[in-house]
Amino acid sequence: MSLHKLCLLCGLIICVSGTASGMEPDKLFKMVSPSVWLVRTFDHDGLPLNSGSAVVVRAHQLITNCHVLGEASSFALVKDHVSFKGRLEQVDLERDLCLIAVADEHFKAPPVNLADSDQLAVGQHVIALGNPRALEMTLSDGLISRLQRSDDEQLEAIQTSAPFSPGSSGGGLFDMDGKLIGITQRIDVLAGSQNLNFALPINWLKELPERSKAQLDEYYAARKARESTAK
Amino acid sequence: MTRKILQFLFWPTCAAAAIILASCAAPSQLPPAYVAPSSGAVAKLQVRSQKLAGPAIFYSFDDPRACSGGRIITDTWASKGVLKGSTALRAGEPITLWLSYLAPGERSCNIVRTFRPNADKNYLAYALATDSGCSLSIQDITDPANPKSEQTYVPRTYLPTAASQLPHCVAADVDTLLAKPHRSNLSGMKIEELLPLLPPDSAPAK
């Protein structure tokens, strides 16, 4: 084999391996960061209450954890000192997923690409992007450490070694192609635990409208029944 | 010597405190003991706790829907500070369990739960005292290597009244709740907490 052909072959191998491992984290950050926002909540007096993260999944629509919005009277989506008023559209408390929206036409944040979270594998490299302790756009990386499944083998949580902290909630867990695989939700803080972090599978987003309607209908029906009993 | 005297006095003191507690719960007398079913399909219930710092009583009720007719399954003075007991439950019928625990500082912790045991299953009710109160889990341990949270486990609202500390349970909804599969709540929230944020059109038209 000539030296020329050998160099071509080496180049091809490097090129293929580069594609298989996905993008470099800095390029990935540039790609997905416009879609990850800080959620700031306010009480009924307009005072700051809590903060978290949210990811744009469709034009003007973001996904976050419902617990980020707990006890809030209003909330805003914030990035680079620009703030947009948000509104809650869909609620799935059982899965801690809430869909929020920004009506303002100036909100131009691009939606991320969604992965198929049923195709994930333990050992896959991932990055987490969110706003821990309101530190805007904090990037961390790690592996998929474990895929937590229910008795009927449905994916319930993506355990990862990518560190999260309070405020990361609602942020994005991405594969190395920049596709959203999960929503960062919780950490195990029990004594002795190290770097046990959990994200909700992004495929749950597809079931959110139906589950939200069912939970809201159930709540309003129960409230109506209580009011009737009280009369 | 002093230690021995203290040890001698400790459990009678706890027992007295528990009797006082129980007499608060049932002003007339201590509730009777639970009687296991003598015929028909049954499930096994084992009750355990960590070592508790105060007296605790574990009850069931003759009427699991309204929580009336309390009966003692076990208590802490029978086994020196831990809840420990084993009994049979009628299978296929709802049973309501009440953990009543008096933590140090006279902080009381009460948990009322209903579930529907299945025939030939083995259940473990485990009581745990925490800094903020207490908790009660029900697990199906028929396969001890693979314990599972009981799927029909329904929390009941504990509503003490001025006249009595006995739980008052809202009876109407229990069968509906038991019929539903158990649903986890990862958010740990109630919809009420998000009501100010929900759009007005999320409520059905009246």
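Student: How many residues of chain A are in contact with how many residues of chain B?

Tutor: Contact here means heavy atoms within 4.5 Å. The model is predicted: local features need pLDDT of at least 70, side-chain atom pairs count only at pLDDT 80 or more, and totals for chains, interfaces and linings use all residues. Residues are numbered from 1 along each chain as its sequence is written, chains are lettered from A in the order in which they are written, and side-chain values use heavy atoms, with hydrogens and water left out. Chain A and chain B meet through 28 residues of chain A and 21 residues of chain B.

Student: What area is buried between chain A and chain B?

Tutor: The size of an interface is often given as the accessible area lost when the parts come together. Buried area is that loss for two parts, found with a 1.4 Å probe and summed over both. Carbon and sulfur atoms give 63% of the area between chain A and chain B, which is about 2100 Å².

Student: Which three residues supply more than any others of the area that chain A buries against chain B?

Tutor: The three together supply 31% of the area that chain A buries against chain B.

Student: Which element gives the largest share of the side of chain A that touches chain B?

Tutor: Helices (H or I, at least four residues) and strands (E, at least two) are DSSP runs, numbered from the N terminus. Strand 4 (74-79), strand 6 (87-92), strand 13 (179-187) and helix 3 (208-230) of chain A each supply at least two residues of this side. The largest share, seven residues, comes from helix 3 of chain A.

Student: How many salt bridges does the rule find across the interface of chain A and chain B?

Tutor: A salt bridge requires a side-chain nitrogen of Lys or Arg within 4 Å of a carboxyl oxygen of Asp or Glu. Across the interface of chain A and chain B, the number found by this rule is zero.

Student: Is A:Ser33 buried or exposed?

Tutor: A:Ser33 lies in the loop between helix 2 (25-32) and strand 1 of chain A. Beyond its neighbours within four places in sequence, A:Ser33 is in contact with A:Lys79, A:Leu129 and A:Met137. Buried means under 20% relative accessible area, exposed over 50%, and partly exposed in between (1.4 Å probe, protein chains only). Because its relative accessible area is 11%, A:Ser33 is buried.
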